[in-house]
Amino acid sequence: MSQTITVVEKILSANDRLAEQNRAKIEEAGVYSINIMASPGAGKTSVILKTIEALKPEMQIGVVEGDTAPVTIDADKVMDAGMPAVQINTGGECHLDAIMLQGALNTLPLDTLDVMIVENVGNLICPANFKLGTHVNVLIASVPEGDDKPYKYPGMYRGVQAVILNKTDLLPYIKFNMDYFRKGVEALNPGLAFFPLSCVTGEGFDAWIAWLKEQAAK
Amino acid sequence: MHELPVTESILEISLRAAQAQNARRISDIYLKIGQWSTIVDDSIQFYWDTLSEGTLAQGATLHFERIPTLLLCLDCAHSYHPTGEQLLCPQCGSARLHVHQGEEFQVESIEIETDESP
Ligand SMILES: Nc1nc2c(ncn2[C@@H]2O[C@H](COP(=O)(O)OP(=O)(O)OP(=O)(O)O)[C@@H](O)[C@H]2O)c(=O)[nH]1
Ligand SMILES: [Mg+2]
Ligand SMILES: [Zn+2]
């Protein structure tokens, strides 16, 4: 006998449940957590290092570095800046997922931290779908990538709570229509927190740091 | 490359639903994939053939229903399917939009075979 069974279950529901467990663990330790996503080279590590520099006097920050290959370049930079870092090698997967973060949470000294920052694998296709359980998802776009990215990768812009536009020091040299970019972001994610900044000149960093502190204090 | 974990999830969800009905076999799996959700390509079928081997779902056919994104303009009530270049409302240019569909990513239903009920 043949019959149809209605299922209606989200394909990534198992990951979502693990993400909830991660969140519980992070909250229990009293840590505020951020998942940073961007295309390769947008400036994730640069933003993390400058954020550490700004918050170092008052906060302890742990970093989880996701990479597709077993290279510890980014994690080493964080440790050189005097903060604990854990490297996750995804073994070729194009994103971190909740179970990978679960492993890292057991390694990081969570109880000593105020903030945890996850540097996701550089990729605009899918990381937003694989929730990690962090308090916020932040997308870093950068000026050289072009102003059309919200239009080409709507899924990424839908899944975040803040957008950083990095490398604004390059605006004089690159054709980048700020209105067009912002309109795309606004259409996909109305009222989203937006921080144009430069890791080179430091311009715009104050607003990002102020927002972060405000969120962490909530 | 995220098709492997996605395929594993589809298999796990389908097997759980089938076992709850004492199925002998799963013959078909119906998936809803929105245009704005995770991109999945044909390699799913490849992973499927390998992963489902020896399970109730061996040989099941995967049916993908691709759902095009449908946006509703909150200013002029026009509804439309956006394309890469045309995201904002083509009627009035508004960026105040509601995503009506296109973000689905789910196992919708399965077709199973059971022994005749006694
Ligand atoms: N001009 C300019 N260059 C920047 C800025 N921020 C970062 N860069 C440069 O961009 C390059 C990539 O920066 P990273 O911070 O390594 O980027 P990432 O996103 O961590 O890269 P992956 O981890 O490899 O994906 C480096 O050469 C940085 O020096 C900026 O604000 N302006
Ligand atoms: Mg990096
Ligand atoms: Zn309109």
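Which of the 16 residues around ligand 1 come nearest? Select ligand 1 together with Lys44(A), Thr45(A), Ser46(A), Asp169(A) and Cys199(A): these come nearest. A residue belongs to these surroundings if one of its heavy atoms lies within 4 Å of the ligand.

This is a predicted model, in which local features need pLDDT of at least 70 and side-chain atom pairs count only at pLDDT 80 or more, while totals for chains, interfaces and linings use all residues. Residues are numbered from 1 along each chain as its sequence is written, chains are lettered from A and ligands numbered from 1 in the order in which they are written, and side-chain values use heavy atoms, with hydrogens and water left out.

Ser46(A) has a polar atom 2.5 Å from an oxygen atom of ligand 1, and Glu119(A) places one 2.9 Å from an oxygen atom of the ligand. The protein covers 67% of the 660 Å² of accessible area (Shrake-Rupley method, 1.4 Å probe) that the ligand has on its own.

Now colour helix H2 (residues 44-55) of chain A, a DSSP run of at least four residues. Helix H2 gives the largest share of the shell around ligand 1, three residues.

Finally, select Asn166(A), in strand E7 (residues 162-166) of chain A; a strand is a DSSP run of at least two residues.

Notes: Polar contact = N/O pair within 3.5 Å; in protein donor to acceptor, adjacent residues only side chain to side chain.
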